[in-house]
Amino acid sequence: MARALDQHKERLRVLSSFGKDLTRRSKSACELCEAREVKLAVYEVEPVQTEPEYESCLFVCECCKEQLSFPKRVEANHWRCLNNAVWSEIQPVQVVALRMLRQLSASESWAYELLEEAYFDEDVIAWADSK
């Protein structure tokens, strides 16, 4: 049990070491909803690799992180920010945007319409499908 705890602590340490680079990449804003002057946290886009990878992480606000972590708490209007996120050059942002649009498109017409007009590379679609 102590070994698992040590591994978890080490993973968190490595993830936090990405903070400076993620801050620079995100320009200190949530990479999904573009919220500024809020607390940001590292979010690993699934599937999570054995070793944390910078290329599969996002810097997100607490609101986005909570809704990504607990899908039953999703507030559809918050995710209208995906209008910008789908055009991001950052692949994990596109993956999360695609997943959220798929989830929301069943009940939200704006999400369905955005999903229809957005273009995603094959790599992004494969990553989004791998969850």
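This is a predicted model: local features need pLDDT of at least 70, side-chain atom pairs count only at pLDDT 80 or more; totals for chains, interfaces and linings use all residues.
Arg24 has a relative accessibility of 55% and is classed as exposed.

The salt bridges come to 5 by the rule applied. Another of them joins the side chains of Glu31 and Arg25, with an N to O distance of 2.8 Å. Glu31 is buried, at 10% relative accessibility, whereas Arg25, with a relative accessible area of 24%, is partly exposed. A further salt bridge links the side chains of Glu62 and Lys39 at 4.0 Å, N to O. Glu62 is located in helix H3 (residues 62-69) and Lys39 in the loop between H2 and E1, so this pair ties together parts of the chain that are 23 residues apart in sequence. The relative accessible area of Glu62 is 49%, which makes it partly exposed; Lys39 is exposed, at 61% relative accessibility.

Helix H1 spans residues 2-17 and contains 16 residues. The distance from its first C-alpha to its last is 23 Å, close to the 22 Å expected at 1.5 Å a residue. Arg11, Val14 and Leu15 are buried in H1. Viewed down the axis of H1, the buried residues fall within an arc of 100°, so they line one face of the helix. The elements covering these buried residues include helix H2 (19-26), strand E1 (40-44) and strand E2 (57-61). On the other side of H1, Ala2, Lys9 and Ser16 are exposed.

Ser105 is found in the loop between helix H5 (91-104) and helix H6 (109-117). Its relative accessible area is 19%, and Ser105 is therefore classed as buried, the limit being under 20%. A polar atom of the Ser105 side chain lies 3.0 Å from the backbone oxygen of Arg102. When residues up to four places away in sequence are not counted, Ser105 touches Ala111, Tyr112 and Leu115.

Definitions and conventions:
Residues are numbered from 1 along each chain as its sequence is written. Side-chain values use heavy atoms; hydrogens and water are left out. Helices (H or I, at least four residues) and strands (E, at least two) are DSSP runs, numbered from the N terminus. Buried means under 20% relative accessible area, exposed over 50%, partly exposed in between (1.4 Å probe, protein chains only). A polar contact is a pair of N or O atoms within 3.5 Å; within protein, one must be able to donate a hydrogen and the other to accept it, and residues adjacent in sequence count only if both atoms are side-chain atoms. Contact means heavy atoms within 4.5 Å. The expected span of a helix is 1.5 Å times one less than its number of residues. The arc is that of the directions from the helix axis to the C-beta atoms.
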